[in-house]
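Q: Could you show me how to read a helix and a pocket in a model like this one?

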Amino acid sequence: AIEFGNYLLKSNLFMITIGRLIFYKSWDYFQKNNNLSFTDCTTLIFMINYDLKEIATFDKAFKNLKDIKVIDD
């Protein structure tokens, strides 16, 4: 994990951090939707906020969300 983390930090990948607005929206959503983890709620709110419609994941929770296309193969 440390080696991979160092690789990410040194790479040219675009990394995004969430701010207070997305954090609090995620927290509100999490409290009302106990079928998703807080991390999943944060990802979902981030996607909604930036009008993202697709996610590459093996997390089955996203398959149950309408308007989200899961890329898992």
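The dialogue below goes from the chain to one helix and then to a pocket.

A: This is a predicted model, in which local features need pLDDT of at least 70 and side-chain atom pairs count only at pLDDT 80 or more, while totals for chains, interfaces and linings use all residues. Residues are numbered from 1 along each chain as its sequence is written, and side-chain values use heavy atoms, with hydrogens and water left out.

Q: In what order do the elements of the protein chain run?

A: Helices (H or I, at least four residues) and strands (E, at least two) are DSSP runs, numbered from the N terminus. Here the order is α-α-α-β-β.

Q: Which residues of α3 are buried?

A: Buried means under 20% relative accessible area, with a 1.4 Å probe and protein chains only. In α3 these are D40, C41, T42, L44, I45, F46 and M47. Their cover includes α2 (20-32) and β1 (54-56).

Q: What follows α3?

A: D51, with a positive phi near 55 degrees, follows α3.

Q: Which element gives the most to the lining of the largest pocket?

A: On a 1 Å grid over the protein atoms alone, a pocket is an open set of points where a 1.4 Å probe fits, with protein on both sides within 12 Å along at least five of seven lines; lining residues have an atom within 4 Å of a point. Here α3 gives the most, three residues. The lining includes L44, M47, I48 and D51.

Methods: Buried means under 20% relative accessible area, exposed over 50%, partly exposed in between (1.4 Å probe, protein chains only). Contact means heavy atoms within 4.5 Å.
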